[in-house]
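Subject: A structure for you to explore

Hi,

Here is the structure I promised to pass on.

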Amino acid sequence: MKNDKSLLLNILAIAFLAVLAYFIYSVATSNDIGIKVTDNNVVENRVAYRYLNKNVLDENSKYEWGGKAEDSAANVVTSIVADYRLFDTSLEVIVLFITVMGFGLVIPKENIKIKESTELLYHWTPLLMTYMLLVGGYMFINGHISPGGGFPAGAIMSTAILVGVLAGKQTVSHTTLKKIEAIAGTLIFSIATLGFFLKGSFFINFLEGGNVGDLFSAGLIPILYTLVAFKVAAELSGIYFEFYEGGEEHDNV
Amino acid sequence: MTMSNIFLISSTSLIFIGLFGVLTRKNIVKILLSLNIIETGINLLLVAFGYKEGGKVPILTSSDSINHLGNMVDPVPQALVLTSIVIGLGTTAFALGLTIRYYKTHGTLNIEANDEEEVTAHE
Amino acid sequence: MNSVLFLIVIPLLGAFLALFGKKANRIVAILITAFTEIFSIMIYLSDKLPVSVAIGGWQAPYGINFVLTPLSVGFIVLINLAAIISLFIIRGEKEYQFYSTYLVLLAAANGIVLTGDIFNFYIFSELTTFAITALIAYPRNRRSTGAAIKYLILASTASSFLLIGIGVVYKTLGTLNIADIASKIDLLNPLTLELIIVLILTGIFVELELFPFNMWVPKAYFAGTASVNVMLHGMLGTAGAYIIARILLTMFAVNGSGMLVNANIANAIIVIAMLTIFVSEIAAFNEKKLKKVLAFSSMGQMGLIIFGFMIGNEQALTGAFYMVVANFLAKIILFVLTGEFIAMTGSDNWEDMKGIGRKHPVAGVSFVIGSLSLMGVPFFAGFWGKLAVIQGAMSGNSFMITGIVIILITAVVEGVYFLKISHTFFLKKEDEKEFNAKARIHSIVIAAALAVIVLAIGVHPGLIENNVNRATNEILNSTSNYVDVVFPGRY
Amino acid sequence: MVVINIILYSLFAILVGLIFMGIGRKVSARMHLRYGPPFYQSILDIFKLMSRKSFTHNFVMDLGMVMALAGLLGTMLYVPIAGHSAFISNSNIIVIMYLMAIGSLGMAMAVTASGNPNATIGISRALTMMLGYEIPFFIIVLGLIISNNSSSISVIAASQAGSIWNWNIWHMPLGYIAMEITLQAMMGEKPFDAMIAPAEVASGPMVELSGKYLGLGLLTHAVSIFVETGLMVNFFFGGGSNPIDFVIKQLGIYLIAVIFDNIFPRYKIEQAVKFLWIFPTGIAVVQLLLLAF
Amino acid sequence: MNIMLMLLVVPLITAFLTMAILKHQKTVWTIFLAVSGYLSYALFTMYGKWDLSWSIELGFKMFGKNVVLSLINSPLGWFFAFFASLTTLLIAMFSIAYNDEKHDSKTAPIWLLLIFSNIGIFFAKDWLMFFIMWEAMSTTAYFIIAHGKEISAKAAKFYLSISLIGTSTLLLGIILVSRLSQTFDIGVSIDSLVKLFSTNYSAALLYIGLFITTFLIKSAIFPFYMWPSKAYAESPDDFTPFLSTVMSKYGVYGLILFILPILAKSDLPMFGKISQPAYMLAVLGAITSVLATILAIFQTDMKKLFAYSSVANVGYIVMGLATMSVVGIQGALFHSVNHMIFKTAIFLSLAAVIYRTGERDMHKLGGLVYKMPLTFLVYLLAIISAAGIPPLSGFTSKWLIVQALMAQKMLFVVVAMIFASTGAFMYLLRCLASVFLGQLPDKYKDIKEAPLLMAIPMTILMLLTLAIGVIPGIITKPIDAVLTGMGYNVEPSSWTTVHTALAKSDLNLTYLFYVFMVACVISLIMYLISGKQEKIDQIDNYTAGENPLEWDTTPDRFNFAYGFYQPFKQMFNPMLDLISFERWMSSFGRIVERASSALSLLYTRSEGAILMLYIGIAILIIGGMM
C-alpha cells in the first residue's frame, strides 16, 4: 500500500478534488445573472408547492383538514412517494428485487452451519419477533399519516425474520419468501395495471380516498405500502437465507 | 453561518472523502465503504437542497399546518432521498455479494492489476 | 396512449413470474419480447405520435410522464429488436435469474427511452446498471466476476454524480421534468448550468462507452456471452445514443435548436468523442480476442455517433442517426456470429477461427458485410452515415476538421483489422479436426437476414429516410416537437 | 526499288564495317609494333566462318543471331548517309536508339540460350554497360534535338551544311567530348569492354558461338560500327556532302576509338558505369544546360 | 433496359449467381467468361454513342437535394472500359483452364463484383458514384488478393492499408470539392476548382492534392510505389494480370478525368513550358519509373519483378499525361492500352509457367523454352513490346511520350524516361534468360506446353501487340475521340503514321515494319546460305566433350539468375537502404501495433478505471471553464 504508486494516486486524487473544489467554489461565487445553485429558491417556485397544496389536478382547488383532497395522505412525503411519483417507487421495488436476486446469483453457495443459539435468545425470540412485526405493521399501515412507510416497515420485519433465523427457529422457508416476494411484486403491478382498465391510466390511485388525516384515507397508498413492506421484508430476509442455505453449486470457475 | 450552509459543506465534504477513497483504496470493501460515504453525502446534500431555515416537517397534523404550508421544508428531495437510499442499499448488497464471489475466484480483495482473462472461452 | 406502460409493466410482471417458471422461462421471455416489439411497432406506425402520457393521472411536470415521439418510439423498436435477437441466440439452459434479470433490463431500457422525467431516468439507468452487472456476472467465473464488480463500482460512482446533478437541477429550477427543464434552462446562471451539465454527463458517459469513462467496456463484453453482448450493444448502446439526443440535444439545447447550450462543453465533448474514436480503434488494431475487438469497435462507433450529434447541423444529425441504425444492425450481426464462432472453435482468439467461412459461407459473408458496414464502405448502411457526418462536420470549425482527419485515419486502421479478421475465416483450417460444436442455423439466419437489411439500406438509403428525417427534425425543433408535446400551449 | 535499295545499302554498310574492322586491326597491330593482318582480313574471316560447320543448342540461338543482325541492319537503314537514305524517312533518333536494342536483345537471347555461364555473365555486363552509356548518349542527343527542335537526324545533319564552321563540334564541344567517351562504351572498346573481357569471361557472349553464328555476330558488330560512327558523323561532323566524305569521317572517328582502345586498361563493370554516369554524363548535362538556357 | 444499367447489373447478378454455385468451378469460370464476353460486346456497340446515360435518385439528402447516382458513356471512360473488358475477356479464357483442382482460387464471384465496380468507375458521372465504385473496387480487390491464403493475406494487408488511406483522402477531397460546387457532378466540380485556383491558390492545390494522392496510391506512383511488389506477387496468378493492367489504370483514369482539365484550364505559375503542378506530377512519374526499374532489376521473384515493371510503366504514363500536350496524352492513353496488352501477355505466360512448374523464383527455373516454346514466344514478343522495341506496339506509345516530353523541354524527366526504359532491358532479359533460356532442371523434364485454353488467349495477345505495333491506327482512332471529348482539337490520325509536335519527326510504323522485315530477310538469307549446323546438347559444349555419366557423376544444372546483376546491385545498395519506403511503412505499422498493445493493456488491467473517470470529469470541467 505504501509504495510510490499509491502516493501518486493520492496526489492525483487530491489534484482532482482540488479542481472539483475550485469549480464548485467558482460556481458558488459566480456573479453572472441567472439562477445560481446557492440561491435560496422559495418553495413556491417549485413543483413541491403544488404537492403541498394538493392542487395538481385543479390549480384553484383548496382542501381542509379532515376534508377531501385529490390525495388525502396527511404525510406529504408519502403522498409524493406513493402517489404523485408512485411509478418511481414501484421501480425502487424492482431495484431491490434485482439486486437481491443478483446477490443470490453471485453469492457462493456454501453450507454454513449456524451455531446453536443461546437459551435466552431461543426462548425470547417469539416475543421479540412479534414485537418487531407489530412495529413493522404499524409503520406500513400508518405510512400515509405519519413518518414511515413500506420500505422501513419491510426492513424492520425482515429483522424479525433474521432474529428467527439466528435463533434457529423454523419461521418461514426460503421458497415461501420467494413466493411472497413474487406475489407481492405481481400484485403491485397488477394493481397498477388495474388502474389502466378502471381509470385509463397506469399507477393511478383509483380508490376513493378518505379524508385528510384519517387512517382509512389516501386510497391505495396503505394497500401498496403493505405489499411493498411484504415484498421488501421477503427480499431482505432472502439475503440471510442465501448465506447458509446451500444449494446446487454449479460454478464454472 | 446558517444551518443550510453547514449541511451543504458537510455533505460536500462527505462526498469528497468518498471520492478520494474510491480512487485511492485498493481493497474492494474499502471502495464500497467509500461509495457508501458518497451516498450518505448525497442524501444529506439532497435534503439540504430542500432545507429551509426554521422549516417544519411536511406532514399535515392539523388545519393550522395547512394554512402555513410555506413553512414546511420541501418534501420532494425527501422523497428522492428515500429512493436513493434504497438504490444505495441495493448497490451495496449486490456489490458485497460480488465481492464474496470475487474473493473466491481471485483469492484476494485487492482490485489491483489482476488479469481475469486467462480463462478460456465458455460459450 | 396510456397503454404504452405495458411496455414496462408486462416485462416486469414477467420478471416476477420467471421465479416460478422452470423450463418455460425462455419461451415466456420470447413471447413477452415479441409482444413489446410488436406493440412498439404498432405505436410507431399509429398516427397518434407525438404524445405525452401522464402516469397515474398526474399531469407533467407534477407527475411522471412518458413522451412518445417518433424518435423515442423508433429507438424502442430497435431496442426490442435487439432484445428478441439476444434471446434467440442464448446457448444452453439458463437459470431463472437470467431471464428475470433480462426482463428487468428490457423494461428498464424501454423506460430510459420513454421517460420524460429526469429522476425516473436515473432510476431506470440504475436498473440497467444492476441488470447488466447481473448478466455479466452470470457465468460466475473469474473473468465475469472481475468484470462485473469493476463495472458496478464505476457505474455507481458515476451515477452518484448524476444524482447530485439531478439534485442541483431541482434546487435551482424546482422541477424534474425534462421538457420543463428544457424550457427553463435559459434562466440558469452559466456556471451553475455548467456544473449541472458536467454532473449529468459524467453519469451518462459511463453508459455511453466514451473514453476515458469506458474502462469497463472491453472486460464486460469479453466476460458476457453472445446474447449478453447483443443486449449490451443493442439495448444499452442504442439507448445510450437516444440519451445523447434527448439529454444533451433537447434538455440542454439552445432554444430547442439541437445545439448544446454551452459551446465550451460541446467542444469538450467533441474532444472526448475524438479521443474515443482514436483510442478505441488503435486499441482494437492489435487485439486478438474477437469479442474485445468488437467491444473496442463499439466504443469507436459510439464516439463517431456522438461526434455526429455534437456537430449540430442537420446533415450531421442525419448522418448520426443513419449511423445509429447501421451500427445497431451491423454490430448485432458480428456479435451473433462471434458467439457461434467461439462456440465452434472453443477459442476467443480470432486467429484460431480459420476455416469457418469455408464451412459456413453464409455466416462468413454476413460477417464480412457487417464489418464492411462498420468501416463505412459504400453499398452498406454505414457509408451514408459516415458520409453525412463528415459532410456535416465540414461546415464546422477547425476542431471539426481535426475530427474528420481522425475519423479518416482511424477508418484505415479499422478497415485493416476488420478485413484482416474477416479474411481469417476464409483461410484453410490447419488441422483436420472437426469443430467443437455445430453452428446453429437460426443464428446464421438471423445474421444473414440482418446482413440483407444492411445491404438494402446501403444500396437504397431512402428506405429509412423518412424515419431518420423525422428524428432529425425532432431534435432540430425540439421546442415544438418535444416541449410543446408535454406542455401544449406553453409556447 | 526500295527493296533493292535496302539490300544495296545493307551490303554497303556491312562492307564498310568489315573494312573498318580490318583497318582497326591493322592500326592496333602497328601500335603493338606488330605487322598485322591485311585490311580485308575481316571479309575473309566472314567467308571462312560462314562456310564452316557450326554447333547450335536450340532454335533460340538461330533466332537470336538472325534477329541481332536484322535489328542492326534495320537501324542502319534509318541512318542517313550523307543525306542519302534507302527510303524516304525522317530518320528519327529515338527510333534508331530503340532499333539498336533489337541487336542487343537478339544477341543476348542467343548466347544465354547456350547455357554457358561465361556467356550469361557477359550478357549481364553488356546490359549493365548499356544502361551506363545510354544516359550520357541520350543527354547529348537531347541537346541536339532541343537545339534543332526536331528528332530527325536528317534535320540535324542538314543544319550543319555549308561551311566546316557550321559543324556541331564547334557549337557544342562539350557534347562532342562526352560523345567521344560514350562512343567508346557503345562500341565496347576499352576501357569499357568488361562484357567481352577475354581474360575473365572468355570473350563473354561469344564463348559458345561457332561457325556461322560467330560470323553473324561479326557482321552484327560490323554494322554496329557503321551505325555508331555514322551517328557521330551526322551529329557532329556535318553529315558529309557525299558518301565518300561520310565514310572518311566515319573512319576517322573509328580510328580515334581504336587508338583509345589500345592505350587504356579495362574498367570493372561497376567502375565503368560509375565513370560513365559521372564524367560523360556530367559534361553532357553542362552542355544541355548551356543549350537549353 | 438501359444498356448502361445492363453493364452494371449483369456482372452483379452473375456474381451472386456464381456465389451460389461456387463448387462447380468450371461452370463458374465459364459464366465469368460469358459475362466478360457480353461486356466486351456491349461496350463495342456503345462506341460513338456518347449520349447514353443512366441515373437514379436516392432517398438521401445532401446539399439540400436528393442524391443522384448517374452514369454516362464518355469517350474517355469508354476507352478505358472497353480495353479493360477486352483484357478481362482474354484473362477469363485463361482462367477457365487455370482454375483446376490444384490452383482453384475461388475468386470468380468477387472478381465479377470487381468488374462491376470497374464499369462504374469508368462511366461515373458524379463523384458519389465514382467514390462508391472506387471503394467497392478497393475492398473487393483485397479479398481477391488475399484469396484465402495466409501468406497472401499478409501481402494484401499491406495493399489494404495503403488503399484505405487512398479512399480516405478521396472521400475528403470529394466532400470538399462538392461542398464548393454544391453538387456531386464531376464536370461542375472541375469548373468550380478552376475558379478556386484563381482566388485561393493554396486551398485549390490542397483540394486537388487530395485527389492526386488517391490516384497516385492506386497507380502506385512514388511515394507509394512499393505495394504492388507485395500485392501482385501474392495474388492469384490469373488475377495478377488484371491487377497489374486494369487496376493500375484507375489512377491514370482519375488523373485524366479530373486533374488534367483543371490544370489545363487554370491559370497557374509556370515552370518552363508547363505549369508547376503538372511538372511536379511529371517528376513524380519520373522518380517512380527510375526507382521501380532499379528495384525490378534486383528481384529474384518473377512476379515481383514484373510488379515493379508495371509500376515503372505507369510512371511513363503519368509522365506523358503531365506534358499536358496532345501528343503526351495520346502517348499516355496509347501506353495504357499497350501496357494492358503486353503486361497481360507477360503475366499470363508466367502464370502458365507457374501452372506447370509451381515455382515463382526465377533462379529455380530455366530452359523452359524446350518444353513450352509457345509460351516462350508469347513472352518474347511481349517483352519486346514492353522494352519499347519496334516494330511491336510498346514502341509507339513510348516514342510518343518521349517526343512529347522533348517537345515540352522537360529535359530531366525525359532522361529519367530513357533511363527507365533502358533499364527495362535489364530486368526483362533477366527473366527471359533465367526462366526460359539456360539449362532445364531435371525435375522439369516432363512438363508439357500450356493447355490449349491458355494458349489461345496468349496467342491472341501476341498477335494483338504485333498488329497494334504495325497499324497504330487501331488505337489512335479511338484516342482521337477521347481527345476530342476532352476538348482538344485534333487532326484525325492516320492508320499507319504517328505524329508529334516536333518538326519533321513523324513516324510511319507500317513502313518501319516493312523495313525491319526486309532486314530480317536479308539476315535470314545470310543465315541460310552459310554452312549447316549441328544440334548438340548444352552439356557437351562446356564439359569439353566429356560425358559426366562416364565419371559416375551427373551433370550439374546451372542457373545464373541468382545475383544476375550483382556488381550493379552493389552500386545501388546504399541508395536502396535509403529509399526503402517499405521499411517506413512497416515501422509505422509497428508503432501502431505497440500503441495498440499499450492501450489494450490499459483496458485489461483497468485498475485505473476510477482514475480515468476522474480525468474525464476534469476534461469536462476544464473544457467548460475555458
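Let's begin with a helix in chain E. Helix α15(E) is mostly covered, with 11 of its 14 residues buried. Please keep in mind that this is a predicted model.

**Helix α15 of chain E**

You will find this helix at residues 373-386 of chain E. From its first C-alpha to its last it reaches 19 Å, close to the 20 Å expected at 1.5 Å a residue. Among its buried residues are E:F376, E:Y379, E:L380 and E:L381. E:T375 and E:S385 are buried too.

What covers the buried residues of α15(E)? The cover includes α13 (302-322), α14 (326-357), α16, α17 and α18 (452-470) of chain E, together with α4 (93-113) of chain D. Just after the helix, look for E:G388, which takes a positive phi of about 75 degrees.

**Two helices that cross in chain E**

The axes of α16(E) and α18(E) come within 6 Å and cross at roughly 45 degrees. The two helices are therefore oblique to each other.

Which residues of α16(E) and α18(E) meet? On the α16(E) side they are E:S393, E:F395 and E:T396, and on the α18(E) side E:T465, E:I468 and E:G469. Sorted by class, the residues of this contact are two nonpolar, four polar and no charged.

**Where chains D and E touch**

Now zoom out to whole chains. Of the seven pairs of chains in contact, chains D and E share the most contacts. Their contact takes 70 residues from chain D and 63 residues from chain E. On the chain E side, the elements that give two or more residues include α16 (393-407), α20 (509-529) and α22 (566-578). The largest share of that side, 12 residues, comes from α17(E). By class, the chain E side has 43 nonpolar, 14 polar and six charged residues.

Strand β1 (residues 54-56) of chain D runs parallel to β7(E), and three bridges join them. To find the spot, look for D:T56, which stands opposite E:K535 in β7(E).

Chain C has no contact with chain D, and their closest C-alpha atoms lie 40 Å apart. Chains A and D have no contact either, with their closest C-alpha atoms 62 Å apart.

**One more helix, in chain C**

Is α13(C) largely enclosed or largely open? Of its 32 residues, 31 are buried, so the helix is largely enclosed by the rest of the structure. Just after α13(C) comes C:G346, with a positive phi of about 70 degrees.

Enjoy exploring, and send me any questions.

Best wishes

Key: Residues numbered from 1 in each chain as written. Chains lettered and ligands numbered in written order. Predicted model: local features only at pLDDT ≥ 70, side-chain atom pairs only at ≥ 80, totals over all residues. Contact = placed C-beta atoms within 7 Å. Helix = DSSP H or I, 4+ residues; strand = E, 2+ residues; numbered from the N terminus. Nonpolar A, V, L, I, M, F, W, Y, C, P; charged D, E, K, R; others polar. Pairing = 2+ DSSP bridges. Expected span 1.5 Å × (residues − 1). Buried ≥ 20, exposed ≤ 12 C-beta atoms within 10 Å, placed from the backbone. Axes fitted to C-alpha atoms, helices over the stretch in contact; angles between N-to-C directions. Parallel < 35°, antiparallel > 145°, perpendicular 65-115°, else oblique.
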